[in-house]
Amino acid sequence: MFQTPQEFLNYVQENNIQIIDLKFIDMPGIWQHLSLYHDQIDESSFTEGVAFDGSSIRGWKAINESDMAMVLDPTTAWIDPFMAEPTLSVICSIIEPRTGQPYSRDPRTIAQKAVDYLISTGIGDTAFLGPEAEFFIFDDVRFDQTQNTGFYYVDSVEGRWNSGKEEKGGNLGYKPRYKEGYFPVSPTDTSQDMRTEMLLTMAKCGVPIEKHHHEVATGGQCELGFRFATLVQAADYLMTYKYVIKNVAKKYGKTVTFMPKPLFNDNGSGMHTHQSIWKDGQPLFAGDKYAGLSQMALHYIGGLLKHAPALLALTNPTTNSYKRLVPGFEAPVNLAYSQGNRSASIRIPLSGSNPKAKRLEFRCPDATSNPYLAFAAMLCAGIDGIKNQIDPGDSLDKDIYDLSPEELAKVPSTPASLEGALEALEHDHAFLTETGVFTEDFINTWIEYKLDNEVNPMRLRPHPYEFSLYYDC
């Protein structure tokens, strides 16, 4: 919206903006915000930042070193469409206020360091990414966990399980069949108008929109699309995407989740991420190798595949992520590449003859990831592949379900659990830290946080299905 701090400040004055909302992302990937009266923001806010207490932010400062500062990025500003009072929203990066240095655990700072690292290698000067984040729209969600009970319940007017339900006004029967939600017209597709509002609202917030549609699963699975962007910008857009979708759904009395696997026995939600590297305005992934790729692109794929088990600790960072990464649901569980096989973790999309459209699609990630960390880690893995000329091996062009057990055994798979991915990250993270993009402190903090707050708490709690299996033992 603005190119300079002065343009930002002039807009505030000329349009009588009273409230400015500062947004930043915590370590696990949730937006936090602070709203300020307009006279609290001046030119120094764009260099020295706005001070705040970082001790309560997940994975950040201890209480004895809690002072931090948010530095506003004027290029990210937009009028928040969900506020009664006209409110100018702006995304921030985090610095250490006493030194003015970028905070090493700030995900947006890490993403910028990944771009800086790419430039420093001389390989390229721009990384383009295009995430495709799927989600579910539900009408009702309830869950609880106490010492003597644990349950979840989700419901959707579109859920096939409601085909026999008595509904107010009568059950009209238009419920997408399991795995057949891609993509029927109305009246089976009930969220057309809502998705259109989501898409157009995103555009008002500066996101370059493309499309929207229903997705494969029953029960309200959908996807909106926006154009690819540079690495940090793509992460900014994705956070705006999630914010808009959730808040528009709330207006309709609906609720949205980006959980990878909220429903049993139907397709989960991923975040396929398209990516390419450019230099001096020229694409570097187009060539005369497999599927029209360059040798550089193949080496980039080699880096992604080599480091994928560790990479997934950042791109698929929840215990629920691994309930999606199972065979049989178009899940990209095979660490291989292909121009058409959707069970391969890397796909080469059809892109026509234009070399600028040539890219690869890493299909493992999901939208529970922190996009700044996920995009930075993927770029680091790819650069490692280019620098070390890592051979990705042969492509996987056969139907995975037609492979013999002997053939299938030769194809590596994604980790089966978050714990497995974290173990891989613990043993393989030099491609992240030796670049200076991630610090050892961050990697250790990430592993410790995930084990203490997600893996181990899940271990301690009985699962409802265990009662079905074992209660009568």
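How many nonpolar, polar and charged residues are in the lining of the largest pocket? I looked this up and got 24 nonpolar, 13 polar and 12 charged residues. The classes are set: Ala, Val, Leu, Ile, Met, Phe, Trp, Tyr, Cys and Pro count as nonpolar, Asp, Glu, Lys and Arg as charged, and the others, Gly among them, as polar.

**Ground rules**

I am working on a predicted model, in which local features need pLDDT of at least 70 and side-chain atom pairs count only at pLDDT 80 or more, while totals for chains, interfaces and linings use all residues. I number residues from 1 along each chain as its sequence is written, and side-chain values use heavy atoms, with hydrogens and water left out.

**Whole chain**

I found 12 helices and 18 strands in the protein chain; these are DSSP runs (helices H or I, at least four residues; strands E, at least two), numbered from the N terminus. The radius of gyration is 23 Å, close to the 23 Å of the globule rule for 473 residues, so the chain is as compact as a globular protein of that length. That radius is taken over C-alpha atoms, and the rule is 2.2 Å times the number of residues to the power 0.38. The C-alpha trace spans about 60 × 60 × 50 Å along its principal axes.

**Pockets**

I noted the terms before going on. On a 1 Å grid over the protein atoms alone, a pocket is an open set of points with protein on both sides within 12 Å along at least five of seven lines, a cavity is a set where a 1.4 Å probe fits but cannot get out, and lining residues have an atom within 4 Å of a point. Points are joined across faces, edges and corners, and a volume is the space filled by probe spheres set on the points.

The largest pocket holds about 1800 Å³ of space. I counted 49 lining residues, with Met 259, Lys 261, Thr 319, Asn 320 and Met 458 nearest the centre. Helix H11 gives the largest share of this lining, six residues.

The second largest pocket holds about 840 Å³. Its lining has 44 residues, and the closest to the centre are Glu 132, Glu 223, His 272, His 274 and Glu 361. Strand E7 gives the most to this lining, with six residues. By class I got 16 nonpolar, 11 polar and 17 charged.

**Cavity**

I found one cavity of 30 Å³ or more. Its lining includes Phe 128, Gln 275, Ser 276, Tyr 300 and Phe 375. That lining divides into eight nonpolar, two polar and no charged residues.

**A helix pair**

The axes of H5 (residues 295-315) and H9 (residues 418-427) come within 7 Å and cross at roughly 115°. Axes are lines fitted to C-alpha atoms, for helices over the stretch in contact, and angles run from 0 to 180 degrees between N-to-C directions. I list Pro 309, Ala 310, Leu 312 and Ala 313 of H5 against Ala 421, Leu 422, Ala 424 and Leu 425 of H9 as the contact, where contact means heavy atoms within 4.5 Å. The contact has eight nonpolar, no polar and no charged residues.

**Backbone exceptions**

Most residues other than glycine have a negative phi, and most peptide bonds are trans. I looked for exceptions in the loop between E9 and H3, where Lys 179 is found. Phi of Lys 179 is near 65°, a positive value. Phe 183 is in the loop between E9 and H3, and the bond to Phe 183 from Tyr 182 is cis, with omega near -20°. Pro 187 is also found there, between E9 and H3; the bond from Ser 186 to Pro 187 is cis, with omega near 10°.
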